[in-house]
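These are my notebook entries on a structure I was asked to look through. I set down what I looked up and what I found.

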Amino acid sequence: MTIKPWLPSILYLLALGIGGVLAFTHIPIHSQLHALLPSTENATQQALSDQLQSGQTSRMLLLGLQGATREVLGEANKQLAQAMRDSGRFVYVHNGEHSSLKNDQALLYRYRYLLSPSLHPFQFQGKALQEALQRRVSDISNLLPLPIKQKILEDPTQAFPPYAQMLKGGNSLNTQHGVWFSAQKDLTLLVAETMAPGFDLDTQEDIQSLMTFQVEILRATLPGASALELLRTGSSLFAIQSRTLIQHDARWLSSLGTLGVVTLLFLTYRSAGLILLTMIPLATALLASSLAVYAVFGYLHGITLAFGATLIGVAIDYPIHLFTHLHPPDPPATTMKRIWPTI
């Protein structure tokens with residue numbers, strides 16, 4: 001049985017194509033930068049690394065709505081905040097509504113003895129507790145609302161009020177129509193914390209798209225909100241914008257470089273077939289290395305893929321050397337034997 005000389009080449013190209021399709025559809029490509037951060041045994045450095053990866057600062061978003069009357073902005077603020085809470089993507093969404101602060105107030109009140117700056121052990125001695133309880137009895141006898149009297153009984157040493165006053169500070173946010181407003185212009189404010197870490201840019205981008213979609217709904221359904229505009233800032237937003245800019249520049253520069261190389265090769269060889277053949281070693285190297293990384297780690301990082309493709313690009317030199325030294329009527333095998341020691 002005689003094997004056709006072109007059959008191994010066809011089978012190889014077929015295997016390369018099938019392997020490429022499987023790799024493209026099955027190998028997950030991660031983009032989280034924290035995977036590239038060095039591990040450390042230093043507690044301070046580890047705490048800093050954890051905060052950079054998933055700390056509150058990396059998950060915070062400050063939002064603003066403008067482009068309508070204050071009454072319309074107030075209603076738009078409430079509807080956007082409720083939609084964000086219902087999405088399940090946020091730890092909290094605060095906009096000045098009292099209902100949005102109840103959970104935080106309850107948590108602070110629960111840990112009031114740990115947080116209070118004025119607390120001292122002597123306050124829990126017998127005489128000090130007796131004096132505090134006597135003062136609380138006097139407070140209970142006053143005409144105060146029942147919830148306040150209950151808090152007095154739960155907190156006889158009054159650890160929470162000084163701490164709450166300290167948190168309030170000397171400045172209070174401007175509140176109109178039940179939500180926060182800027183004091184300088186018609187701009188209503190929200191602050192939110194996402195559940196996803198700041199480095200999870202894919203999820204953070206989905207969250208940004210969700211807010212954009214909700215604002216579009218408000219423009220279409222809320223009277224007087226057709227010119228509503230969403231302003232936003234946060235470290236995750238900066239990271240998304242940076243990634244988008246880098247991807248755009250990388251695609252543009254890669255396309256320009258590829259076009260330049262293909263044009264140069266075509267002017268040199270004047271053969272599209274030879275140009276396609278030069279790509280086979282590069283495609284083989286990319287496929288083999290991607291499968292090897294996937295087999296060991298279970299995923300492929302985007303930066304690894306980019307740098308790996310750049311380094312493996314040297315594989316394209318070998319077919320270029322071979323095709324450059326071809327001299328008809330010598331077959332390619334003869335040329336390969338002649339230049340192999342140099343390569």
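**Entry 1. Overall figures**

I began with burial: of the 343 residues in the protein, 28% are buried. The model is a predicted one, and I therefore looked up its confidence, since pLDDT expresses the predictor's confidence in each residue. The average pLDDT is 81, and 82% of the residues reach a score of at least 70. Confidence is highest in strand β7, at 94, and lowest in helix α8 (residues 146-154), where the mean is 64. I noted 15 helices and 8 strands. I also looked up the contacts between residues at least 6 apart in sequence, and 71% of these join residues at least 24 apart.

**Entry 2. The nonpolar core**

I next asked which residues have the most contacts inside the largest nonpolar core. They are L65, L80, M84, F90, M211 and L228, in a core of 24 residues. At least two residues of this core come from each of β2, α4, β3, β5 (179-181), β6 and α10. Helix α4 gives the largest share, 6 residues. In general, nonpolar side chains in soluble globular proteins tend to be buried together.

I then followed M84. Leaving out residues up to four places away in sequence, I found M84 in contact with L63, R89, F90, V93, A192 and M211.

**Entry 3. Strand β2**

I looked up the burial of β2: the rest of the structure largely encloses this strand, because 5 of its 7 residues are buried. I then turned to its pairing. Strand β2 runs antiparallel to β6, and 6 bridges join the two. On this side, L63 stands opposite L190 of β6. Strand β2 also runs antiparallel to β7, here with 5 bridges. The bridge partner of L65 in β7 is L230.

**Entry 4. Helix α10**

Helix α10 spans residues 201-221, 21 residues in total. I compared its reach with expectation: the distance from first to last C-alpha is 30 Å, close to the 30 Å expected at 1.5 Å a residue. I listed its buried residues as L201, Q204, I207, Q208, M211, Q214, V215 and L218. These lie on the same side of α10, because they cover an arc of only 140° around the axis. The face turned away from that buried side carries the exposed residues A220 and T221.

What do the buried residues of α10 pack against? I found β2 (60-66), α4 (70-86), β3 (90-94), β6 (188-194), β7 (229-233) and α11 (235-269).

**Entry 5. Two single residues**

Beyond residues up to four places away in sequence, T335 touches L322, H325, L326, H327 and D330.

I then looked up N174, which lies in strand β4 (residues 174-176). N174 is partly exposed, with a relative accessible area of 26%. Its contacts, not counting residues up to four places away in sequence, are R70, V179, W180, F181, S182 and A183. I also recorded the C-alpha separation of N174 and T188, which is 9.6 Å for two residues 14 apart along the chain.

Definitions and conventions
Residues numbered from 1 in each chain as written. Predicted model: local features only at pLDDT ≥ 70, side-chain atom pairs only at ≥ 80, totals over all residues. Heavy atoms only, no water. Helix = DSSP H or I, 4+ residues; strand = E, 2+ residues; numbered from the N terminus. Buried < 20%, exposed > 50% of the residue type's maximum accessible area, 1.4 Å probe, protein only. Contact = heavy atoms within 4.5 Å. Expected span 1.5 Å × (residues − 1). Arc of directions from axis to C-beta. Core = buried A, V, L, I, M, F, W, Y, C linked by side-chain atoms within 4.5 Å. Pairing = 2+ DSSP bridges. pLDDT = per-residue confidence, 0-100.
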